Amino acid sequence: MIDDLDARLIEELRENPRVGLLEISRRLAESGVDRSPDEILVTSGAQQGLDLLFRTFTDAGDSIAMESPSYPGALALARFAGLDVVEMPMTPQGPDVAALSGRRVKLVYVMPERQNPTGVTATEEKRREIVEAAIVLVLVIGDVGSEISVAAVRLDQRTIDVVAIGRGAKQGLD
């Protein structure tokens, strides 16, 4: 949120939003995000980020996977986009990826840290299971602080792109 940024950046955002957004991208890149500032897209929030991801990486009728229960806004966006949602039931350790067995989904949306609405933080074993089960183009996570929040995960002969969105993405801006 804006509250976390210094006064200079707040002023830049007011006077010239483009310059302010470039400054946010620069700070994220400097904070350890493995991308250059021109590869970082700053959105107005997780909802806008998810909408852009669903529109970019999926087509109506495609299958995606997400935890169940999940963030209601993500579910609404998926339905609005005409996507088939494969539900991964939440357990006390994290999402049950068995639902992905034998299924090809274009995108997986998970929140490994303080999952909304359950508050569950996925165990390291569950995080590995998610990555190993994801025969997908894109794995979307809702928190940059997670162990699986890297630019890409390399497994065998496949690379899974990882996109981090949500409130955790601003941690490097303080």
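This report covers helix 4, Thr58 and Gly102 in a predicted model.

## Helix 4

Helix 4 runs over residues 72-80. Its buried residues are Gly73, Ala74, Leu77 and Ala78. Viewed down the helix axis, these buried residues fall within an arc of 135 degrees, so they line one face of helix 4.

What does the buried side of helix 4 pack against? Its partners are helix 3 (46-57), strand 1 (63-68), strand 2 (84-91) and strand 4 (107-110). The face turned away from the buried side carries Pro72, Arg79 and Phe80, which are exposed.

After helix 4 comes Gly82. The phi of Gly82 is positive, near 75 degrees.

## Thr58

Thr58 sits in the loop between helix 3 and strand 1. Is Thr58 buried or exposed? Its relative accessibility is 6%, so Thr58 counts as buried; the cut-off for buried is under 20%.

Thr58 touches Leu53, Ile64, Leu83, Lys106 and Leu107, leaving aside residues up to four places away in sequence. The side chain of Thr58 also has a polar atom 2.3 Å from the backbone oxygen of Phe54.

## Gly102

Gly102 belongs to the loop between strand 3 (94-95) and strand 4. Gly102 has 86% relative accessibility, so it counts as exposed; exposed means over 50%.

How far apart are Gly102 and Ala133 in space? From C-alpha to C-alpha, the distance is 9.4 Å. In sequence, Gly102 and Ala133 are 31 residues apart.

Conventions. Residues numbered from 1 in each chain as written. Predicted model: local features only at pLDDT ≥ 70, side-chain atom pairs only at ≥ 80, totals over all residues. Heavy atoms only, no water. Buried < 20%, exposed > 50% of the residue type's maximum accessible area, 1.4 Å probe, protein only. Helix = DSSP H or I, 4+ residues; strand = E, 2+ residues; numbered from the N terminus. Arc of directions from axis to C-beta. Contact = heavy atoms within 4.5 Å. Polar contact = N/O pair within 3.5 Å; in protein donor to acceptor, adjacent residues only side chain to side chain.
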